[in-house]
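Let's take a walk through the charged side chains of this one. Have the viewer open and follow along.

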Amino acid sequence: MVDVALTGMTRAEAVGRHVRRVIAERGLRPGALIGTKTSIRESVGVAKATMNEAVRLLESQGVVVARPGPGGGLFVARHDPVVKLGQSLLTVGGAPVTVADAVVVRELLEPRIIVDAARCRTQDDIAVITSRSAALAEVVDDPDAFVHAVWELHRALARTSPNRILRETYLSMLQFIDAETVGVSSAEEEAGHRRYKRGRLRLHQHIAEAVVAGDVSRAADLAREHSLTEE
């Protein structure tokens, strides 16, 4: 079943992400059959209209080709491109330049988001931020799970901002990057990447602690440090 509760995606977008993950996980090459529309629709548990919308979305992004009739189905249109983020490689389902541009916009907004969080967080926000921070340690050795857990923490921080334009722009950039990402791998040698991830874990935990404490000055310092090695 497709779960859109944590992502904020439409069901069609979630189905599209599922299809891109299938392509990445199976290592399917251009021209390879992904499955019939019926088999995919039944596996994710959505209506025909939702599946048709997902297929139109995937075709518009150049990810799949839909062929009707006997022997038809959804076929891989091309390889997924890669975008570098910190020391991680994101395999994305759309145009790499577009995703890279979204990453740049997100990076520019990040420092203000973190400072706003330290200034404006509520008790409810504190509970969510603390929970998201604690979850990082559980997945630090899984590149894909760790990146998505980091993004969930950043979503929690962004939602505290009273600046609606800043908040919604940031969240839309992060949602776009997340929706287009179908896999995460290390850009560096494994041992070095592990040290990098441990460092990123500590940095994000410190950011969360500064925000929870309402320490604006400390949060600003950590935001600058974060921008040097964006995750």
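Predicted model: local features only at pLDDT ≥ 70, side-chain atom pairs only at ≥ 80, totals over all residues.

Searching the whole structure turns up nine salt bridges, and we'll look at some of them here.

Start at Asp 178, which pairs with Arg 17; their closest N and O atoms sit 3.0 Å apart. Asp 178 belongs to helix H7 (residues 164-180) and Arg 17 to helix H1 (residues 11-26), so this contact ties together parts that are 161 residues apart in sequence. Are these two residues buried or exposed? Asp 178 is buried, and Arg 17 is too.

Asp 178 also has a salt bridge to Arg 155, and here the closest N and O atoms are 2.8 Å apart. That pair again links distant parts of the chain, with Asp 178 in helix H7 and Arg 155 in helix H6 (residues 143-158), 23 residues apart. As for burial, Asp 178 and Arg 155 are both buried.

Now hop over to Glu 168 and Arg 167, whose side chains meet in a salt bridge at 3.4 Å, N to O. Arg 167 has a relative accessible area of 17%, which falls under the 20% cut-off, so Arg 167 is buried.

Finally, zoom back out to see which residues are joined by shared partners.

How values were computed. Residues numbered from 1 in each chain as written. Heavy atoms only, no water. Salt bridge = Lys/Arg side-chain N within 4 Å of Asp/Glu carboxyl O. Helix = DSSP H or I, 4+ residues; strand = E, 2+ residues; numbered from the N terminus. Buried < 20%, exposed > 50% of the residue type's maximum accessible area, 1.4 Å probe, protein only.
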